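Work through the exercises below with the sequence and the model open. Each task is followed by its solution in steps.

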Amino acid sequence: MKKMVCIVCPLGCHIKISKDNDDYIVEGNKCPRGKEYAIKELTNPTRVLTTTVKIKNGLLNRLPVKTKEAIPKDKIYECMKIINSIEVEAPVTIGEVIVKDILNTGVDVVASRSM
């Protein structure tokens, strides 16, 4: 059995999840989204990665970026290696693709602000 706190909504339900043969038993969730979250977190955890890249000729030295969608949690370290090696040049607009299809995940890294 694994215990976790659901982060899907502000309630923060304390969830217990266990596996019985091929079924997952989820307890403690107050909504159906909690069950989906718990199963996904146990079988294939993903996260939206937020960080910064170097920028030349910008107002600041770093440009905030994020993945457009969640990526597999086990690929975050590899993604950070790639992102840390990048330097972009101003001007950059919010939503502009900084890295296309990072690590063949199908997810782009985009600028979180214009600079």
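**Exercise 1.** Find which residue takes a positive phi in the hairpin of S5 and S6.

Solution. The hairpin has 5 residues between its strands, and Asn 57 takes a positive phi near 60°. The model is predicted: local features need pLDDT of at least 70, side-chain atom pairs count only at pLDDT 80 or more, and totals for chains, interfaces and linings use all residues. Residues are numbered from 1 along each chain as its sequence is written, and side-chain values use heavy atoms, with hydrogens and water left out.

**Exercise 2.** Determine how S5 pairs with S6 and with S8.

Solution. Strands are DSSP runs of E, at least two residues, numbered from the N terminus; two of them pair if DSSP finds at least two bridges between them. S5 and S6 (residues 62-67) run antiparallel, joined by 5 bridges. Here Thr 51 lies opposite Val 65 of S6. With S8 (residues 87-89), S5 pairs in the parallel sense over 3 bridges, and Lys 54 stands opposite Glu 87.

**Exercise 3.** Sort the side chains of S5 (residues 50-56) by face.

Solution. In a regular strand, side chains alternate between the two faces of the sheet. Thr 51, Val 53 and Ile 55 point to one face and are buried (under 20% relative accessible area; exposed is over 50%, partly exposed in between; 1.4 Å probe, protein chains only).

Note on methods
Helices (H or I, at least four residues) and strands (E, at least two) are DSSP runs, numbered from the N terminus.
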